[in-house]
Amino acid sequence: MAERPENRIFGKRAQQHVVILASGDKIRHMTIRPWMAAVMFCFAGMFTVGYLAATSYLVLRDDLIGATMARQARMQHDYEDRISALRAQVDRVTSRQLLDQQVVEEKVEKLMQQQLALSERHGKLDALLNRAEDSGIDGVPLPGEKPVVDGRRADAAGAIDAVMGIAPRKTTGLAYASTGESVADRADRLFSKVTLSLKDLEHEQLDRIQSLTAGASETADAIQTILRRTGFEVAGNAPPENDSDTAIGGPFVEPMSATDAFEESINDLDFALERLDTARRTARKLPFGNPLPGSSITSRFGNRTDPFLGRLALHAGIDFRASSGTQIRSTGAGTVLVAGRTGGYGNMVEIDHGGGVTTRYAHLSQVLVKPGDHVEINDPVGLSGTTGRSTGPHLHYEVRRDGKAIDPMRFLTAGMKLTTYMD
């Protein structure tokens, strides 16, 4: 076999590597070409890399597994924290609802107590207000009147329905904090408005009760003053020995509560009305009326010249001008003691008004009552005339206390002043 010629252009040709394999008598040879070396090198490299990777994995596997387990543990912990937070939020919402419900129930209970107190007060006030109205005292409040709040009348019963209408209800889903006011806040706001309205009503009632008390006391005081100037005292209302109006004192005691103040005001009003009634009853019994309204007085009480004897004598009463047959009226309530002919009085009626006070109506042409009769003020007792020691038709009127004659003009003047205080 002819040898190939050498390449003289590109230089000496590279020698090929031959691998000889001998096995017994058999000899094999294999020429190693460059691409075969490259492939073998690649396989060797891949094997080395694979071996190193496997070795690294086996070495780092525990660390990788630990890291994975730690990550899963962190994820589980985060989930558990989230679940705990959600449960805590649900518990807070539930607790808030229970608290709101409790607050609403407490406020409703307070409103019911206030409503009951107002009802009880209304019952206590009715009788006294009627008495005050019958007595002619101004400023009597309307029993059912309520103050206006936001265009509506304050009513505890309606407020209870309103508060119950905003009571919290059970939720079916997960609740989150609201940006607006809560149920308890709305209930508290409504309760505050109603409470203030009821307080205003209570203050108004107290003010009017005190006004009525002051009016009744002033009227009673005025009547008592007139009676006192006339010489009479109302039973149970005698003035104290010390008349100083500035003498005050006493140990310190804590102020009364609203309930005690109301009860005290009620008692004061009741006492003032009782004083007024007593004063008026006393005034009605005494002879403060006029036996002949509109008639002029011809002779006053005191010393004068006797028309029959022509010498100084005591005129124990006053004379009213009256034509014969004019009706004579009682000047106060009382019991008839005398009704008939009585010496120089002629036909006379004498009435006992109590307390030692009597009145006499003399020179009557006719007597219209009889002894033992009870008469009221302005009841007719007789007709004017000129019987007895008289110079002409007229009425001789006397007022006596414990049998002693006193000037009737004191009673007539007091009677005119009492007119404005009597119903």
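Predicted model: local features only at pLDDT ≥ 70, side-chain atom pairs only at ≥ 80, totals over all residues.
The chain has 423 residues, of which 32% count as buried, and it holds five helices and 16 strands. If we take the contacts between residues at least 6 apart in sequence, 68% of them join residues that are at least 24 apart.

Let us now turn to strand β15, which covers residues 394-401. How many of its eight residues are buried? Seven of them are, so β15 is largely enclosed by the rest of the structure.

Next come the strands that pair with β15. Strand β12, residues 357-367, runs antiparallel to β15 and is joined to it over six bridges, with Y361 having Y397 as its bridge partner. Strand β8, residues 318-321, is also antiparallel to β15, with four bridges between them, and here D319 is partnered by H396. Strand β16, residues 404-406, is joined to β15 by three bridges, again in the antiparallel sense, and R400 stands opposite A405. With two residues between them, β15 and β16 form a hairpin, and D402, which sits in the turn, has a positive phi of about 55°.

L58 belongs to helix α1, residues 34-134, and because its relative accessibility is 54%, where exposed means over 50%, L58 counts as exposed. For the chain as a whole, the accessible surface comes to about 27400 Å², and 56% of that belongs to carbon and sulfur atoms.

Definitions and conventions:
Residues numbered from 1 in each chain as written. Heavy atoms only, no water. Buried < 20%, exposed > 50% of the residue type's maximum accessible area, 1.4 Å probe, protein only. Contact = heavy atoms within 4.5 Å. Areas by Shrake-Rupley, 256 points an atom, 1.4 Å probe, with all protein chains shown as cover. Pairing = 2+ DSSP bridges.
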